[in-house]
Amino acid sequence: GGLLAFLSVLVVAVQSNDSSYLTARKANGSSKAFIVINFLYIRHSWQKASELCKRYGSNLVTVESYKQNNFTADLAAKPLRGRADSAASYWLGYQTQNNLQTNTLAAAAGNQISQYYGHWALEQPSIEDGQCVKSVIRNEKQEWELTRCETLLPFMCQIKARPR
């Protein structure tokens with residue numbers, strides 16, 4: 001009940017010979033498995049979204065490859081299609097660190113990446129726009145933008161799964 005009623009679990013990538021695991025399309029080139037829990041109809045600030053993901057043993061979704069960027073765009077595109085509010089955007093699990101003075105983004109999961117890795121929109125990253133990373137889907141393409149962390153956006157959570 002409650003919040004769990006809103007969850008729809010999507011197996012994004014699981015690679016295993018064990019029949020207890022579901023197999024789905026791989027989102028990146030590695031053999032790492034992860035499950036994305038889709039909260040796309042619930043809108044929260046970046047911090048609240050991150051806290052909700054952690055409550056269920058997961059983190060805000062992060063993108064670690066070009067293929068995964070396209071895959072998460074595909075997951076989000078259908079539910080976000082036709083939404084006029086906040087365009088077609090949702091939270092990614094990254095925040096700027098030190099106002100980008102060190103050129104790094106901190107992930108909700110605790111790791112860091114270079115700001116140069118991201119799939120940024122034109123004129124981004126722009127620290128004047130905010131410190132949290134949102135994904136914006138335009139013309140079937142997913143791009144990243146910085147925005148204020150208090151903005152209310154839908155989000156996805158990612159659970160790392162390891163084959164037994």
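Two strands are taken to pair if DSSP finds at least two bridges between them, strands (E, at least two residues) and helices (H or I, at least four) being DSSP runs numbered from the N terminus. The model is predicted, so that local features need pLDDT of at least 70 and side-chain atom pairs count only at pLDDT 80 or more, whereas totals for chains, interfaces and linings use all residues. Residues are numbered from 1 along each chain as its sequence is written, and side-chain values use heavy atoms, with hydrogens and water left out.

An open sheet is formed by 5 strands in the order S6-S5-S4-S7-S8, with antiparallel pairing. Strands S6 (112–114) and S8 (141–147) stand at the edges and have a single partner strand each, so one side of each is left without a neighbour in the sheet. Within the sheet, S4 (residues 89–96) pairs with S5 (residues 104–107) over 3 bridges, and Tyr94 stands opposite Ala107 in S5.

The structure also holds 3 aromatic pairs, a pair requiring ring centres of Phe, Tyr or Trp (its six-membered ring) within 6.5 Å, with planes under 30 degrees apart counted as stacked, over 60 as edge-to-face and the rest as tilted. The rings of Tyr117 and Trp144 are edge-to-face, because their centres lie 6.1 Å apart and their planes stand at 65°. This pair links Tyr117, in the loop between S6 and S7, with Trp144 in strand S8, 27 residues apart. Trp120 and Trp144 likewise form an edge-to-face pair, with ring centres 5.6 Å apart and planes at 80°. Ring pairs link Tyr94, Tyr117, Trp120 and Trp144 into a cluster.
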